[in-house]
Amino acid sequence: VSALLTAVAAFLAFAIVHVVVWRLRRPRAEYATLGVLWLAVLVAALVAVHRVLLQANLPSLAGVDYVNVVMLYTALALPYVTTYSAVQADSPAMSVLLQIDGAGRAGVTRDELRQELNDGRLVIPRLEDLFRAGLARRQGERCVIGPRGALMAGVHTWFRALLRMEKGG
Amino acid sequence: MSGLSFSSLLGPGAPVLGLLVCIAAHILLSRHARGLRRDLAVAVAAGVGFAATVTAACSATDVSDLGSVLDGWSSGIMWALTYLALTYAYIFGFFNLGESARRIRLLIELRAAGAQGLTLERLLAAYNAEMILDARLRRLLAAGQIVERGGRYYIQSRSMLRGARALVLLKRLYLGAPTEFEAAARSGRRRADSDRIARNTR
């Protein structure tokens, strides 16, 4: 039970620290910072639970319990970060729904959606993300993929081919 | 720290095994059951993976070793939660990225262009807002979330709209603004980045 509570409490602490840090100052390298926070909170939680159990004269967690804590904490952090990416970047589908809903009974035409959801809104910001993350770079007038970007694109291309699915996006 | 042996790790390893079974089932269904809807294939694969997790956890667990009934339930809940979280991460953090993420699509276009890369104009010819909007409208219509009448779009189901509103609340919590653009405008970041990209990439 201690292992389950430790993992859930550590995950909640991670989410709270994330909100606090982001509201104080949102870092430019968001996902790298999230990785550092993930590790820092995990180490702090493991040290804290070890000390608390020691001070309360309770049996310390077994090795397998530590493995369970790390597994569950990491597993919870992964979907959390996945969900955060939908918070960090406006989703086109969500933007479409909100715009249609905002128009109420009048509805919207495709052209009205198009005026709002243009390249400057849907494509350029994501290209900026790639530059900022070092996955691609500007080279004169051209956009060029970096080694990490090529690896990421290669993995997804390979996996889509394995699923026999067409290019996404 | 004590009691760490290979056999003791089989229980915590069950969710990972379940995830691998889920991915394998997803690949098999995608390749060999072409008529099956994509969301249904994912759901079936997730179910098969969960069954594998439960089977592996049960066969790896010596009930007499678990201590109290509470400890048994606690382990079961932990492994089930771990499997569900890992599967969510696979579906939404990996598979869906290839399905709909704009960053991945841009990377794929840039990778296909090779070392010489692409000008912004060529990149936008290969992938642009028009295509993104068309794909989203198609998916939302197919999923019954919106309906088209007389050339105008209306909300039909509110399920995804609720999700969109929840995301707006989360944006307010994390970014302090309802959209990424308002958040960036407040910090001055987006304007500076856009100016730089226009200067250097055209």
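Predicted model: local features only at pLDDT ≥ 70, side-chain atom pairs only at ≥ 80, totals over all residues.
Reader: What area is buried between chain B and chain A?

Author: The size of an interface is often given as the accessible area lost when the parts come together. Here the buried area (accessible area, 1.4 Å probe, lost on putting the two parts together and summed over both) is about 9,300 Å², of which carbon and sulfur atoms give 64%. In terms of contact (heavy atoms within 4.5 Å), 101 residues of chain B touch 100 residues of chain A.

Reader: How many salt bridges are counted between chain B and chain A?

Author: Taking a salt bridge as a side-chain nitrogen of Lys or Arg within 4 Å of a carboxyl oxygen of Asp or Glu, the count between the two chains is ten. One salt bridge joins the side chains of B:Arg165 and A:Asp101, at 2.6 Å from N to O. Helix α3 of chain B (residues 69-100) gives the most to the side of chain B that touches chain A, with 21 residues; helices here are DSSP runs of H or I with at least four residues, strands are runs of E with at least two, and both are numbered from the N terminus.

Reader: How do α1(A) and α3(B) cross?

Author: Two packed helices are described by the angle between their axes and the distance between the axes. With axes as lines fitted to C-alpha atoms over the stretch in contact, and angles from 0 to 180 degrees between N-to-C directions, helix α1 of chain A (residues 2-24) and α3(B) come within 8 Å and cross at roughly 35 degrees. There A:Ala3, A:Leu4 and A:Ala7 meet B:Ser74, B:Ile77, B:Met78 and B:Leu81.

Reader: What order do the strands of the open sheet have?

Author: Strands of a sheet pair through backbone hydrogen bonds, either parallel or antiparallel. This open sheet of three strands has the order β1(A)-β3(B)-β2(B), with antiparallel pairing, where pairing requires that DSSP finds at least two bridges between two strands. β2(B) pairs with β3(B) (residues 152-155) over four bridges, and B:Glu148 has B:Tyr153 as its bridge partner.

Note on methods: Residues numbered from 1 in each chain as written. Chains lettered and ligands numbered in written order. Heavy atoms only, no water.
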